[in-house]
Amino acid sequence: PLADRIMAEITAEDVEGVIEASTTVFEGHRRNARALFEYGARRGWCPSGLLKSIERRSMQSAETTTLTPAEVRNVMEAAEKHYPETVSAFAVAIFAGVRMAELERLRWRDVHADGIEVSSATAKKRRRRFLPMNPTLAAWLAGRRPDNASEFVVPANWHEKSTAVRRLAGFKVVARILSDPPKLPKEAPMWPQNAMRHTHASAAIANGVSLDELIFAFGHTGTPEMLKSHYVGMYRPNDAAAFWGIGPKGQIIPTIRAA
């Protein structure tokens with residue numbers, strides 16, 4: 001994402017925003033980035049020690065991290081205001097918990113009034129599953145279906161646009177397509193890895209969905225115990241109610257048991 005930038009103008013914050021994944025992958029990228037920039041410093045392309053401020057992440061940082069209801073609303077409002085073509089994709093990711101790789105293969109013909117069909121060709125585990133439509137997702141998708149059902153749910157240039165939405169929502173990510181990205185405070189949050197899927201699962205369980213139901217909806221091959229350790233207790237009932245109440249244009253969706 002920083003390929004079109006002059007090396008001397010790149011900051012540690014820029015690099016940290018790109019390598020934001022909070023797992024061992026982060027540490028690998030951090031080492032590689034530091035090696036690259038130290039090489040650049042020896043060539044006189046950038047200051048020495050530029051990336052020393054990017055701290056090593058402990059394995060504790062790999063714990064499941066969710067978005068708060070306020071952060072979810074910020075994301076959806078930023079999408080509505082600045083990139084409305086991304087609203088449907090964000091809604092499916094957040095309020096249905098579809099994996100990113102599956103989302104990018106999902107077409108509108110897979111989205112029905114009663115739910116979303118994740119075909120075996122689309123599913124990561126190559127196992128077909130059906131995600132029942134819930135009132136919150138239905139509200140966000142209303143009126144957004146294109147005439148051509150073969151179109152993908154994600155818009156063209158989805159990766160760049162989705163990154164821009166997250167930056168506009170207050171997350172510390174680098175958005176190349178924003179000519180004047182908003183300045184963020186030092187304490188601005190990074191974007192948690194798999195944030196939307198983790199948030200959906202945690203809010204669903206807090207709102208009454210059983211672990212067995214979640215295993216099927218998520219296409220998981222693991223045990224209920226594994227999901228329990230990841231998602232049970234991550235969201236409080238009040239937060240789950242606030243999450244499922246988030247509707248388009250500031251609308252509050254009556255909260256019922258989430259699908």
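This is a predicted model: local features need pLDDT of at least 70, side-chain atom pairs count only at pLDDT 80 or more; totals for chains, interfaces and linings use all residues.
Leucine 36 belongs to helix α2, which spans residues 24–42. With a relative accessible area of 48%, leucine 36 counts as partly exposed, because that label covers the range between under 20% (buried) and over 50% (exposed).

The strands come next. Three of them make up an open sheet in the order β1-β2-β3, and the pairing is antiparallel. β1 (111–112) and β3 (129–132) sit at the edges with a single partner strand each, so one side of each has no neighbour in the sheet. Strands of a sheet are held in pairs by backbone hydrogen bonds, in either a parallel or an antiparallel sense. Strand β2, residues 115–118, lines up with β3 in the antiparallel sense through four bridges. Within that pairing, glycine 115 has proline 132 of β3 as its bridge partner.

Lysine 172 lies in the loop that runs between α7 (158–168) and α8 (195–206). Despite its loop position, lysine 172 is buried, at a relative accessible area of 12%; the label applies because buried means under 20%. The side chain of lysine 172 also has a polar atom 3.3 Å from the backbone oxygen of lysine 186.

Key:
Residues are numbered from 1 along each chain as its sequence is written. Side-chain values use heavy atoms; hydrogens and water are left out. Two strands pair if DSSP finds at least two bridges between them. Helices (H or I, at least four residues) and strands (E, at least two) are DSSP runs, numbered from the N terminus. Buried means under 20% relative accessible area, exposed over 50%, partly exposed in between (1.4 Å probe, protein chains only). A polar contact is a pair of N or O atoms within 3.5 Å; within protein, one must be able to donate a hydrogen and the other to accept it, and residues adjacent in sequence count only if both atoms are side-chain atoms.
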